Every structure is written in C-alpha cells, then in structure tokens.
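Visitor: I would like to learn how to read annotated sites and charged pairs in a model such as this one. Could you take me through them step by step?

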Amino acid sequence: MSSVPENAPERCPGTESSEAGKADSCQGCPNQEICASAQPKAVDPALEEIRQRLLCVKHKIVVLSGKGGVGKSTFTAHLAHGIASDEAKQVAILDVDICGPSIPRIMGLEGEQVHQSGSGWSPVYVEDNLGVMSVGFLLNSPDDAVIWRGPKKNGIIKQFLRDVDWGDLDYLVVDTPPGTSDEHLSVVQYLKAAGVDGALIITTPQEVSLLDVRKEINFCKKVKLPILGVVENMSGFVCPKCQHETQIFPPTTGGAEQMCKDMNVPFLGRIPLDPRIGQSCDVGKSYLTEVPDSPATAAFKEIITSIDRLCESAAMEVDNDTGEMA
C-alpha cells in the first residue's frame, strides 16, 4: 500500500503511486515537488544497447585526471601504442574530450574522417590493430570550437559507445577531459553497465596538481569506479644528452606516491619529463618507437606491463568467480 505523507490532501495517491505529484489532487500540496522527484526514472535503453555492443571488448580502461595539462592524452596514446606493439592484441582509443580533442593530432590522424557502414561508424586506424574514435573527426577544421551543453555531450558519448563498430578488442582506452563533470558521469554510467576494468589517474608531482587529483580519486570512490592506479607524469627532467635528472616540479608534499599511501590507492610509477615526448606527439608518432632506449620509454613500458597484468588478473578472478572462461 502506498504511504501517504504528512499534510497530504484528501485522495492523495501516495508516494509509491505512478501518479504521485501528478494527480489533480496533488495540485497545491506542499509535498508535490518532493513526491514527483521521488518517482523512479525510466531505465535508459541505451545501457543495454551499449552492453551488447561492447560484449566483444575484453578490457575497458578510463584515463582520468582532475587537473588539465598533466599529459593525460599523451599517456592514453602511449598506453595504446604500447599494448598494440603486441600484434596479437587489438586496441582502440575513444576520445571523449569533447571540447579539446587532441588524440587525432597525437595519433597522426588529423584531417581524417569517420566512415559509416551497415554495422555502424568505423574507427579510424593508425595500424591494423589500433583504431581511434574522436569528435575531432567530425569537425570541419581542427580550429573549430565545440560549444555544447551537457545533454549534447552526453548524446555524442552515448553514440560513440553504442554506434561505433569496435569489433573484437582486447582493450578500449577512454581519454577524458579534466574534472568530474558531464563527460565523466556519462562514461561511468554507460561503461559500468558494460563492465569496466577501472580508472587510471594521471598527475604531476606538485601539490597544485595533487589537490585536483585527490578530488578525482574521491569521485571514483563515490561512483564506485575501481582505481587501477595512479601514474606520476613529468616526474623530473632527464637531459637527453647527459641523462642527468632535474626536478622541474618539486614534490613538496611527497608527490603522487605519498598521496597514494594516504588515500590507499595503487601507485603505478613515474614517467620522467623528456621534450622528445612532446615533439613526437606534435608530429603524430609514438615516442616509444622514436626513442626506444630512453629512461621515459623504459618507464612507460614498465607501467604498461603492470596495467596489462592488472587487467588480466582481474579478468581471471572474475572468470574463477563465475565459472566462465575468458
């Protein structure tokens, strides 16, 4: 039986009724707005459509940072390059940085267009086993400003996840903008229905960056998005000639490693600052293949190996719990 709030008018339909807050008898009731807002919202049918579309994607990783300018897109690109160096693995990047899509430039795909087939939009491919989808492919010019409110951003993210023909993938890596707003909530909502491995959080060592990254970690905890770990980017400058390291962004509070201990999240490692990383991104090439013997490449590879192991171990645990094979 539906409960009736205090001070309710005569013939109140009750809070559990579908007419709560909407019936004629509700007009003028002080509880009208509360009763109407308490009604369960209809389930978005896109959740099931996305789940079905992503059944063939083994691992889904979201790259986050509360702070802009920490190298999140650079890390996303090189994570994808690193995994795709194993030709047996299929990898794709989804760029949901709607207002600042830099992935097409970093991946050497600027000016490319999206093609549509009977099975949906086709990603743009860097290599046979490395595809990319970004709003940057939908713009007339790289200089075009994307001036969209939240609902339109949510719509394009939904469309990317539901309507892109991702095919059989080992990894889908999602690059996000800074912050904890529309794009992040949409990605988490849609990917949780499809099964997401977790988030990688990127920071730099200084406190002004860690301040925002702590907020990102708390965001993940509140929305129950698992945290795979934190990467400290631009962790010291390594001279390309003498290999001497200098702290450009001094970690005044202990850097990312201390923050991870304080907040009980995994610390995955440090990547030193090397100007050749930015140069490689500007011309759309992989730093890992352009400068294979550098300290930064060694750091990238070690972290990428750790991420791959984490995801594979988590998948094995799920298979053991359910009794199903991967």
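Guide: Let us begin with Cys29, which lies in the segment before H1; in this predicted model, Cys29 is buried, because its relative accessible area is 13% and the cut-off for buried is under 20%.

Visitor: Which residues does UniProt place under "binding site" together with Cys29?

Guide: The unreviewed UniProt entry places that feature at Cys12, Cys26, Cys29 and Cys35. Cys12 is likewise found in the segment before helix H1 (32-37), but with a relative accessibility of 23% Cys12 counts as partly exposed.

Visitor: Where are Cys239 and Cys242, which the "binding site" annotation also covers, and is each of them buried or exposed?

Guide: According to the unreviewed UniProt entry, the annotation covers Cys239 and Cys242. Cys239 is in the loop between strand S9 (227-238) and strand S10 (245-246), and Cys242 is found in the loop between S9 and S10 as well. Cys239, at 19% relative accessibility, counts as buried, whereas Cys242, at 52%, counts as exposed.

Visitor: How should I read a salt bridge, and how many does the structure hold?

Guide: The general idea is that side chains of opposite charge can pair when their charged atoms come close. The structure holds 15 salt bridges. One of them joins Asp308 and Lys89, with the closest N and O atoms 2.6 Å apart. Asp308 lies in helix H11 and Lys89 in the loop between helix H3 (72-84) and strand S2 (91-95), so this pair ties together parts that are 219 residues apart in sequence. Both Asp308 and Lys89 are buried.

Visitor: With which residue does Glu312 form a salt bridge?

Guide: Glu312 pairs with Lys58, the closest N and O atoms being 3.4 Å apart. This pair links distant parts of the chain, since Glu312 is in helix H11 (residues 295-322) and Lys58 in strand S1 (residues 57-64), 254 residues apart. Glu312 is partly exposed at 24% relative accessibility, and Lys58 is partly exposed with a relative accessible area of 39%.

Visitor: Which residues are linked with Arg162 in a network of salt bridges?

Guide: The network links Glu49, Arg162 and Asp163. Within it, the closest N and O atoms of Asp163 and Arg162 are 3.1 Å apart.

Visitor: Which residues form the negative surface patch?

Guide: Asp86, Glu87, Glu127 and Asp128 form it. Asp128 sits in the loop between strand S5 (124-127) and strand S6 (130-134), and with 74% relative accessibility Asp128 counts as exposed.

Conventions:
Residues numbered from 1 in each chain as written. Predicted model: local features only at pLDDT ≥ 70, side-chain atom pairs only at ≥ 80, totals over all residues. Heavy atoms only, no water. UniProt positions renumbered as here; feature names shortened; annotations may be inferred. Helix = DSSP H or I, 4+ residues; strand = E, 2+ residues; numbered from the N terminus. Buried < 20%, exposed > 50% of the residue type's maximum accessible area, 1.4 Å probe, protein only. Patch = residues over 30% accessible without salt bridge, like charges linked within 9 Å, V, L, I, M, F, W, Y side chains within 5 Å. Areas by Shrake-Rupley, 256 points an atom, 1.4 Å probe, with all protein chains shown as cover. Salt bridge = Lys/Arg side-chain N within 4 Å of Asp/Glu carboxyl O. Lys, Arg positive; Asp, Glu negative; His and termini not counted. Charge placed at Lys NZ, Arg CZ, Asp CG, Glu CD.
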